[in-house]
Protein chains: 2
Amino acid sequence: MSKMNKIRSFDDVSGVAVVDGGVILETLDEYLRPRGYTVPLDLGAKGSCQLGGNVSTNAGGLRLIRYGNMHGNVLGLEVVLPDGSILDNLSTLRKDNTGYDLKQLFIGAEGTLGIVTGVSLITPRRPKAVNVAVIGLESFNHVLKSFVLAKEDLSEILSAFEFWDNDSVDVVQSVMQPSEKYPFGQRFPFYALIETQGSRADHDLEKLEAFLGRLMETSVSQDGVVAQDSKQAQSLWNWREKIPEAISKAGTAMTYDFAMDTKLLYKMVEDTKDHFSRLGLLGQGKTYSNLLGFGHLGDGNLHIMANIHRFDEVGQKEMDNFLFEWAIKHNGSITAEHGIGVAKVNYMKQCKSDTQLRLMRAIKHSLDPNLIMNPYKVVPEMHLE
Amino acid sequence: MSKMNKIRSFDDVSGVAVVDGGVILETLDEYLRPRGYTVPLDLGAKGSCQLGGNVSTNAGGLRLIRYGNMHGNVLGLEVVLPDGSILDNLSTLRKDNTGYDLKQLFIGAEGTLGIVTGVSLITPRRPKAVNVAVIGLESFNHVLKSFVLAKEDLSEILSAFEFWDNDSVDVVQSVMQPSEKYPFGQRFPFYALIETQGSRADHDLEKLEAFLGRLMETSVSQDGVVAQDSKQAQSLWNWREKIPEAISKAGTAMTYDFAMDTKLLYKMVEDTKDHFSRLGLLGQGKTYSNLLGFGHLGDGNLHIMANIHRFDEVGQKEMDNFLFEWAIKHNGSITAEHGIGVAKVNYMKQCKSDTQLRLMRAIKHSLDPNLIMNPYKVVPEMHLE
């Protein structure tokens, strides 16, 4: 889609942008910057991912907690349907209740119902002030407590609440930035990064400092760092953002992406570690040399990553099964934001009820009766019917 | 649905509420109040409307500009399908990319695809501070200018931006509150109500005052009132909220609900007035005794209301045709939030492309092949096929 890369229009009163499906996320954000607006979506791949793909995969990312999801921010779509006809639904209206909201079908359908060639989306004002702090925490329960306090004290300016465990720090430090000093003297089992975005730097900093003060007073956290400038802010973000890359460079990586009840998020990591430690499979030189947990706590979204012996398909399968079953048993999602694709399609029958699968098949059959769009993905066993 | 009125669960870490479809909006909000949360939806009918109905009609309301729409805030639905089976999709997860997002189909489908019996939704923190100001404006262009400045200066705390014309004031004053003094000495052609919701009263007031100062300095507005307490705030809101009731009490009312390019919103009112004045049909004692415009400017949502001679079906039809054609010609929506129902179903063929209608019919056929759910509504000519 990279040749469909035009920004078609932008309205500086409403903040509505209409773009080709192949426009790169960061390109649009750079276009919006001098106009005082920003894309309501931010993720590690921003320099290469395209907006049509963001729509088709229902991309979540780092600031969903603040700006909401694609289902709320996309106002219209232009989609090429399987029969070659074009669904011209590129509305720029924020409210429109004329019939079924067809565009919603294609958000997160992973290209199995059509190809997104145009996107209309609402963009918020670009924040004038961004503040970042990282805090150290004694337990996952303290992570949860700090999140509740952050929502209370930072409310409308809270734009990210990320967390990671201490093992994540070790991997990033050793693989990615050995010369970089971790900004905490004493190490903690958990860390949380809190970001605020607002229109007044002085107000935001006052709120952030009051919040950090309350954390210390109530002993929810014992140590914290506040970035003094945007360079420091980026270096704090690096400890979180470089985790996936670090694990990938450290060896053969397995990547998981779960959503569940926020209170259970880290129990999943602990149960998994216990299980594979008891089997003698987890640890330096074993099947899984490490296993770590981090993610978008504000969205109840946990990423688990591990390094595994190369070409160990049995080990891969065992980890998949354990984690996917754990998630399903605890009413979680086996993919919060990465999607089903072909890798997880066989687990769909375990996660979804017969009624849900029946409806998904009906929609797929109705739009793509010849099953030509991204075949074998998302909806299981379509080709058997 | 009123007997299905249980609040099923609430999670005070994530802010996710799960409720029966018959729970009244205000009841849920009262339940959330002591817990520090609020429903991300507010509308005049909050004391009687039910959440299942809010979902089915994709209710918009007064604070969509701040909290986004139902497509973003609803996390899961329980729906009784036309064949009697239950779609149990009551997820409490903020992110979930396992297959098609089925719940989206039922949001705004006006009950034509199933009955919503359960709703899971994300609720934001209840604001600790609410501020309200009303400003007088010389032209609609000044309304637009003040909106752009409000987004710039109030950004994350802006929770409503409503506008109304001077004719609206006259009707509210004469019909609803003759003893209430309108808070402006001099009258203006337009007024805008700006509301902020935030976590710190002092910060919010400082932002609001800076914004109002800038309006005066740049001559965008010449006069404004800031509510000093919640009672005054309510009395300022009354001038906006009582318009529909006032028109209904003043005679036989016609109510319209359009969305379009914000810059064109009031041109629609002016063109309509010109048209019917030229025909000699608008004015005291004529077919239409008055015609006024107001609405949710921040969402590009205009309500037009008029009083018409009782039982004048020709007059009703003429106004419908003029307005609906005007909206369609200007790429607007003939219903931003009220829905299609049976009254507007015959206009669907003018507003939607063949491809759009074909997809809507395919969805309807696929879920409700016997056309038993809310028949003759939303999708035109289903019964002819």
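1. Over residues 1-126, chain A of this predicted model is 21% helix and 23% strand, with the end C-alpha atoms 27 Å apart. Helices (H or I, at least four residues) and strands (E, at least two) are DSSP runs numbered from the N terminus. The UniProt record, an unreviewed entry, puts "domain: FAD-binding PCMH-type" at those residues; such annotations may be inferred rather than shown by experiment.

2. Look at helix 1 (residues 25-32) of chain A: L25(A), L28(A), D29(A) and L32(A) are buried, meaning under 20% relative accessible area with a 1.4 Å probe, protein chains only. They span an arc of only 100° around the axis, so they sit on the same side of the helix; the arc is taken from the directions from helix axis to C-beta atoms.

3. On to the dimer contact (heavy atoms within 4.5 Å). It takes 91 residues from chain A and 91 residues from chain B. The copies meet through the same surface, because 100% of chain A's interface residues are also interface residues in chain B.

4. About 7,100 Å² is buried between the chains, 54% of it on carbon and sulfur atoms; that is accessible area (1.4 Å probe) lost on being put together, summed over both parts.

5. There are 12 salt bridges between chain A and chain B, each a side-chain nitrogen of Lys or Arg within 4 Å of a carboxyl oxygen of Asp or Glu. One of them joins D11(A) and K263(B), at 2.9 Å, N to O.

6. Housekeeping: residues are numbered from 1 along each chain as written, and chains are lettered from A in the order written. Local features need pLDDT of at least 70, side-chain atom pairs 80 or more, while totals for chains, interfaces and linings use all residues, and side-chain values use heavy atoms, without hydrogens and water.

Terms used. Buried < 20%, exposed > 50% of the residue type's maximum accessible area, 1.4 Å probe, protein only. Buried area = accessible area lost by both parts, 1.4 Å probe.
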